[in-house]
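Please find below my notes on this entry, arranged as numbered points. They take the chain as a whole, then the metal site, then the pockets.

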Amino acid sequence: MRVLGKDLLLFVTMAMPVGLLAQSPQVIKAPDERFKVDILVVVAHPDDEGGVTPYLAREIYDEHKRVGVVYGTRGGSGGNDYAREHGPALADVREMEAREACTKLGITKVWFLDGKDTASQNVMNSLANWGHGTNLEKLVGIFRLTRPEVVISWLPSVFIGENHGDHQAAGVLATEAFDVAGDPQEFPSQVAGATKRLEPYLENLTPWQAKKIYYFSDARDDQQFTGKGPSYSIKEISASQKKPYWRLALNAATPHLTQFPQEITQIEKLSDEQIEKMMSDPNTGWWTEPEALIFGKAAAQSTPTEDVFAGIKPGPLPTQMQAMKYEDTIFSQGNRLGIGGPWLYYARFRAKHGLSLLPVAREPEIAVKAGTVVVVPLQILHEDPAEPMNVTLSTAVPEGWKIVSGQGQFTLPAEASTAIQVEIETPVLSKEELKKMQAQEITVKGTTNSKPIGEVRLRVLLEASALPQ
Ligand SMILES: [Zn+2]
């Protein structure tokens, strides 16, 4: 068995089965389109969505936009002005009221973070009471699941008005999530794919850079925000619903009985004319005309006062590197195929944290138990993220090793970069054989439209026992 060891490399064969090119490409799964939204609203309390519902009604009913809402708390510490339930029971009630209110506008993508209501104007109290890090992580996961084009949240700033610390905290978290959700170095286990099909810890979410963030405010003087962003008439009649946008927003607010029981009960008894009069009166109306949004920032070409969707081309940005403050070294020198998984994570980690002197294996390497499946994780960078990409992978393995999956032609979904993996079954060997064993090499080559896009090598040492890869 002299061949086991270095000599075996001489017997490496290109494992390219006959007829491979004739097979139809294997399709790599895309993110779940059912959860994709155009607008993600991040607020603090159940009923806060009411601050922007006239605008949301316009976008949902007449622009066919998909909207999701995230609440920071479940509202359990507030008062109950409708019935006697309090505390955790009230939190359950208010969560259901909020879900029902959203459903009235056609919004079914609704999440609640684990924040606790905080009676304070100091955003620090709210961030501390909410569990800043845990809830940021959760919110970033929601960004990566819903992949919003636009984010709208409470203004993270101090003004005379209600000025609730929880409202500001929602704005802080939304801004932080906007900045980091596209960076795979942030909460990296969320974007890591399982190396084995049923691994339960990794989420395989999509790094996502939203394109714009806007805010709204409960400052007493809302005129001070004129010209700081786009504004929209709440009195305009919805073309599809034949009602003014404020009326659609009012209808969506009626489930919030534990908050506004008198107003809602009263409104239900009024005629349309009486409601109109009440809402037009600045002292009793719920919204001001026009409704003003405050421009935060954009990863798209547009000016602050332009329409919210101006300059936005739906879909992923050309490259996720836009969100990164560091060089993605793995794809340098024109390569579009690189090693993925933990190797890619650590390459980015070293770049991000300036650890250029940290020792690194000369080539990616790993030891696995003989007879188990070794996985070569790959990452493929797209030239055009708006289009699916066709890729052919061919893998060379040592003699006696068997490619289980990850070989042949693939259609990758339209995105900035795709993770894919090659699985190889290693041979069962005796203790004697393993003693003489040296690391052996797997080589994966990629092409797109017959043009090479890079090559990945992984050195694998087979051992009598090893932790699962
Ligand atoms: Zn609130």
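**Notes on the model**

1. The accessible surface of the protein chain comes to about 23,000 Å², and 53% of it belongs to carbon and sulfur atoms; accessible areas come from the Shrake-Rupley method with a 1.4 Å probe, and for residues only the protein chains shown count as cover. The model is a predicted one, in which local features need pLDDT of at least 70 and side-chain atom pairs count only at pLDDT 80 or more, while totals for chains, interfaces and linings use all residues. Residues are numbered from 1 along each chain as its sequence is written, and side-chain values use heavy atoms, with hydrogens and water left out.

2. The C-alpha trace spans about 95 × 45 × 40 Å along its principal axes, and the chain holds 11 helices and 19 strands, which are DSSP runs numbered from the N terminus (helices H or I, at least four residues; strands E, at least two). Of the 469 residues, 47% are buried, meaning under 20% relative accessible area, with exposed over 50% and partly exposed in between (1.4 Å probe, protein chains only). Among contacts with a separation of 6 or more, 77% join residues 24 or more positions apart, a contact being heavy atoms within 4.5 Å.

3. The zinc ion has as its protein donors His-45 (ND1), Asp-48 (OD) and His-167 (NE2), at 2.1 to 2.2 Å. Donors are N, O and S atoms within 2.8 Å of the metal (3.2 Å for Na, K and Ca), and water is not among the atoms, so sites may look incomplete. Because His-45 lies in the loop between strand S3 (39–43) and helix H1 (53–63), and His-167 in helix H5 (residues 165–180), the pair ties together parts that are 122 residues apart in sequence. His-45 counts as buried at 10% relative accessibility, as does His-167 at 4%.

4. The largest pocket has a volume of about 1,800 Å³. A pocket here is an open set of points on a 1 Å grid over the protein atoms alone, where a 1.4 Å probe fits, with protein on both sides within 12 Å along at least five of seven lines; lining residues have an atom within 4 Å of a point. Of its 50 lining residues, Ala-192, Gly-193, Ala-194, Asn-204 and Ala-419 are the closest to the centre.

5. The second largest pocket, of about 1,300 Å³, is lined by 48 residues, with Gly-51, Ser-217, Asp-218, Trp-286 and Trp-287 nearest its centre. Helix H9 gives the most to this lining, with three residues.

Terms used: Points joined across faces, edges and corners; volume = space filled by probe spheres on them.
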